[in-house]
Amino acid sequence: MAEYPVGALVRVEASFATSGGVPADPTGVTLRYRVGSGAAVVLVYGTDAAVIRDSTGKYYVDLTLTSAMVGKLVKYRWEATGAVQAASESEFRVAPSAFY
């Protein structure tokens with residue numbers, strides 16, 4: 001499992017493609033993430049400026065890791081709907097710092 005230090009900017013990325021492997025944009029793109037046992041945050045492309053389309057089928061969100069996240073697990077899930085249907089999940093831990 002990946003681990004990042006508090007204060008880091010972590011880019012959470014997703015790539016979507018057709019069943020033939022050709023990069024394609026879904027009709028809808030959603031990122032859900034949760035820090036520890038907290039409430040899920042839901043970000044939707046086209047509604048939330050944090051969700052960036054980098055190129056066809058490639059999306060990302062930059063998450064700033066704060067001191068309130070230290071020692072916690074950050075779980076996230078990308079969801080694609082419509083023209084391309086897909087979902088993927090991953091997680092990382094926020095490492096402590098001697099300075100925070």
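## Basis of the model

Residues are numbered from 1 along each chain as its sequence is written, and side-chain values use heavy atoms, with hydrogens and water left out. Because the model is predicted, local features need pLDDT of at least 70 and side-chain atom pairs count only at pLDDT 80 or more, while totals for chains, interfaces and linings use all residues.

## The three-stranded sheet

Three strands make an open sheet, ordered E2-E6-E5, with antiparallel pairing. Strands here are DSSP runs of E with at least two residues, numbered from the N terminus. Two strands pair if DSSP finds at least two bridges between them. Strand E2 (9-15) and strand E5 (52-55) are the edges, and each pairs on one side only. Neighbouring strands are turned against each other by 35 degrees on average, direction ignored. Axes for such angles are lines fitted to C-alpha atoms, and angles run from 0 to 180 degrees between N-to-C directions.

E5 and strand E6 (residues 58-64) run antiparallel and are joined by three bridges. Arg-53 has Tyr-59 in E6 as its bridge partner.

## The five-stranded sheet

Five strands make another open sheet, in the order E1-E8-E7-E3-E4. Its pairing is mixed. The edges are strand E1 (2-5) and strand E4 (41-44), each pairing on one side only. From one strand to the next, the twist averages 25 degrees.

E7 and E8 pair in the antiparallel sense, over eight bridges. Val-74 has Phe-92 in E8 as its bridge partner.

Side chains of opposite charge can pair when their charged atoms come close. A salt bridge is counted when a side-chain nitrogen of Lys or Arg lies within 4 Å of a carboxyl oxygen of Asp or Glu. The whole structure holds five salt bridges.

One of them joins Arg-53 and Asp-25, at 2.9 Å from N to O. Arg-53 is in strand E5 and Asp-25 is in the loop between E2 and strand E3 (28-35), so the pair ties together parts 28 residues apart in sequence. Arg-53 is partly exposed, at 35% relative accessibility. Asp-25 is partly exposed too, at 26%. The classes are buried (under 20% relative accessible area), exposed (over 50%) and partly exposed (in between), with a 1.4 Å probe and protein chains only.

## A network of four residues

Arg-32, Arg-77, Glu-79 and Glu-89 are linked in a network of salt bridges. Glu-79 bridges to Arg-32, with the closest N and O atoms 3.0 Å apart. This pair links distant parts of the chain: Glu-79 is in strand E7 (residues 73-81) and Arg-32 in strand E3, 47 residues apart. Glu-79 is buried, with a relative accessible area of 18%. Arg-32 counts as partly exposed, at 34%.

Glu-89 and Arg-77 also meet in a salt bridge, at 2.6 Å from N to O. Glu-89 sits in strand E8 (residues 86-95) and Arg-77 in strand E7, so the pair ties together parts 12 residues apart in sequence. Glu-89 is exposed, with a relative accessible area of 59%. Arg-77 is partly exposed, at 28%.

## Thr-30 in strand E3

Thr-30 is found in strand E3. It is buried, with a relative accessible area of 14%. Contact means heavy atoms within 4.5 Å. Neighbours within four places in sequence aside, Thr-30 is in contact with Val-42, Leu-43, Val-44, Arg-77, Trp-78 and Glu-79. Among these, Arg-77 and Glu-79 belong to the salt-bridge network.

How values were computed: Helices (H or I, at least four residues) and strands (E, at least two) are DSSP runs, numbered from the N terminus.
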